[in-house]
Every structure is written in C-alpha cells, then in structure tokens.
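Take a look at the sequence and the 3D structure below. Then read the briefing, topic by topic.

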Amino acid sequence: MLRTRVITAVVLLAILLPVLYFNNYTAFAVVATVFFGAAIWECFRLFNPETHNAHVIALVWAAVFAISVFTGHTNLSFWAALSVALWIARFAPSLKIGLPPLGTPANTLLSLVYAFAVVGCFAAIVDLYSHSPLFLLSVLAIVWVADIGAYFAGKAFGKHKLAPSISPGKSWEGAIGGGIAVLVLGCLSVQFGGDAFNQTFAVRVQHTYGWPVLAVVLVLMTAASIVGDLFESQLKRRAGMKDSSNLLPGHGGVLDRIDALIPVLPLAALIGSRL
C-alpha cells in the first residue's frame with residue numbers, strides 16, 4: 001500500500017509541478033478540467049451510490065467547465081461568493097443536523113448544491129492561479145500544513161473527539177494544533193520569506209491588512225478546511241464508502257484529496273480579489 005501511495009504521489013507531482021512551474025495556462029486548464037470532471041463524478045456517486053449515469057453527468061459538467069475556462073467566460077467572483085455562502089448556510093450546519101436520506105428529493109437537491117460548491121472550488125483554483133502559480137500554491141500549503149499539524153497534534157494530545165459520529169479519529173486538540181501550525185507558517189513566511197515570498201497569500205494579507213486580520217483569516221481557513229473534511233466524511237459514511245473512488249491508487253479519490261480545499265479556496269479567492 002505504501003509503495004502504491006508513493007508511486008501515485010510521484011506521478012501526480014510529475015504532472016502538476018511542471019504545469020505550475022512553466023505557468024502555461026492551456027496545460028493548467030486541461031489538468032484542472034480533468035480533475036474537475038473526476039470530482040463531479042465522485043460527487044454524484046456519493047449522493048447516489050446506485051447511479052449508473054454519474055459518468056455522463058460528469059462529462060457534461062466538465063465540458064461546460066472547460067468551455068468557460070478556455071473562453072474566459074467564468075464569473076469567478078460569483079462562484080467564489082456562492083460557494084462561501086453555501087458552506088455557511090447549508091454544509092456546515094449539516095455536521096450538526098445531519099443529511100437527508102438517500103433517494104429523496106432533498107438528497108437530489110443537496111447533490112446539486114454540493115456540485116455547485118465543487119464548481120466554486122475549481123473556479124477559485126483558476127482565480128488564484130491568475131494571480132500567480134506561487135499564490136495558488138501558498139493557499140494550498142495552508143490547507144496541507146493545517147492537515148499535517150492536526151494529524152500530529154491529534155496523535156500526541158488528542159483526547160476530546162471533534163465529531164465522533166462522523167470521523168472518530170479527529171479531536172479538538174488536533175484542530176487546535178492545525179491552527180497553530182498554520183499561524184506559525186504564516187508568521188514565518190512574513191518575517192523571513194524575503195522577496196521570494198512577497199507574492200504569497202499570507203504575506204499579501206499581512207501587508208494589506210496587518211497582523212490581526214492575517215491571524216483571523218488563517219484561523220478561518222483552518223476551520224473551513226476541517227469543515228470540508230468532515231462534510232465529505234459524513235457523505236462517505238452515509239453512502240457506506242471508505243473512499244470517494246479508487247481513481248488515485250493508495251489515496252482514494254479526487255474528493256478525498258481536495259475535500260478540505262473545497263470550502264477554503266473560494267474563501268481565499270474572495271480575500272485575494274481585494275489584495
């Protein structure tokens with residue numbers, strides 16, 4: 001299993017890093033469209049495990065997304081704002097109130113709403129990339145560091161369960177540890193990053209709004225990443241799935257890798273539009 005995970009990770013890096021390094025928009029748009037289509041396919045499977053039409057739906061959504069991205073007709077700010085609103089109004093409350101039963105009209109509606117959130121995530125990826133590949137990577141790094149910090153803090157200190165009915169392995173101590181790790185990353189990048197980090201998200205926020213706002217933004221992004229992770233775990237638990245798919249051997253599916261990013265990236269895009 002470890003060998004499979006490593007091989008998959010190396011292949012993904014071999015695809016993604018050159019696209020970001022050479023700043024080629026066409027290659028970036030192609031890769032983004034492929035991953036978007038995979039995420040939409042997994043999305044509708046999670047909401048309707050018995051469906052046989054998810055691949056057709058995904059192809060249609062991916063085609064529309066590709067046309068919008070390549071022609072520049074995507075209203076990126078609208079999708080980012082809509083996605084943030086959906087997470088506040090519908091998805092975050094679901095962690096407390098639960099999900100509608102499978103096979104109901106309410107579930108069908110929620111599947112469409114979550115698909116819109118996935119659109120918002122990938123629209124935000126395009127928006128953040130338009131600032132610069134480094135700007136996009138710096139936002140991704142915030143989520144990755146939050147996840148790593150939460151994992152190690154939870155292993156070392158975790159005693160109080162964060163959401164035992166959804167994800168028993170997560171703890172409040174882990175969540176706090178993730179937040180602290182992100183704050184440390186932000187502080188270090190501002191204080192010691194030099195010219196190389198002037199165009200990163202944390203540095204731009206601090207230079208524009210100051211330290212208190214940066215701290216609030218980083219904590220909000222950490223909290224949003226946790227909510228995104230928990231919501232997908234809730235979907236998988238209800239559907240009886242361990243992973244959203246097996247598209248990424250050893251890693252599960254695309255949604256398993258981006259679940260924490262889905263609420264964070266639109267929030268970062270909204271903030272980034274004002275920097």
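**Helix α3 and its surroundings**

Helix α3 (residues 54-71) has 18 residues and spans 26 Å from its first C-alpha to its last. That is close to the 26 Å expected at 1.5 Å a residue, where the expected span is 1.5 Å times one less than the number of residues. Helices here are DSSP runs (H or I, at least four residues), numbered from the N terminus.

This is a predicted model: local features need pLDDT of at least 70, side-chain atom pairs count only at pLDDT 80 or more, and totals for chains, interfaces and linings use all residues. Residues are numbered from 1 along each chain as its sequence is written, and side-chain values use heavy atoms, with hydrogens and water left out.

- In α3, the buried residues include A54, A58, A62, F65, A66 and V69. Buried means under 20% relative accessible area, exposed means over 50%, and partly exposed lies in between (1.4 Å probe, protein chains only).
- The buried residues of α3 pack against α2 (25-47) and α5 (105-131). Contact means heavy atoms within 4.5 Å.
- G72 follows α3 and has a positive phi, near 75°.

**How helices pack**

Two packed helices are described by the angle between their axes and the distance between the axes. Axes are lines fitted to C-alpha atoms, for helices over the stretch in contact, and angles run from 0 to 180 degrees between N-to-C directions.

- α2 and α5 pack at an angle of about 165°, with their axes 10 Å apart.
- α2 and α5 are therefore roughly antiparallel. Angles under 35 degrees count as roughly parallel, over 145 as roughly antiparallel, 65 to 115 as roughly perpendicular, and the rest as oblique.
- On the α2 side, the contact includes F28, F35 and F47; on the α5 side, it includes N107, L110 and Y129.
- Helix α6 (residues 133-157) and helix α7 (residues 172-192) pack at about 135°, with their axes 6 Å apart.
- That angle makes α6 oblique to α7.
- Among the α6 residues that meet α7 are G149, A150 and G154, and among their partners in α7 are G174, G177 and G178.

**Helix α8**

- The buried residues of helix α8 (residues 201-209) are F201, A202, V203, R204, V205 and Q206.
- They pack against α5, α6, α7, α9 (211-239) and α11 (261-272).
- Just after α8 comes G210, with a positive phi of about 100°.

- L76 is in helix α4 (residues 76-97). L76 is buried, at 18% relative accessible area.
- The C-alpha atoms of L76 and A124 are separated by 6.6 Å, though the two residues are 48 residues apart along the chain.
- Leaving aside neighbours within four places in sequence, L76 is in contact with A123, V126 and D127.
- N107 is in helix α5. N107 counts as buried, at 3% relative accessibility.
- Not counting residues up to four places away in sequence, N107 touches F47, P100, P101, L102 and R238.
- N23 is in the loop between α1 (2-22) and α2. N23 has a positive phi of about 55° although it is not a glycine. At 45% relative accessibility, N23 counts as partly exposed.

Terms used: Helix = DSSP H or I, 4+ residues; strand = E, 2+ residues; numbered from the N terminus.
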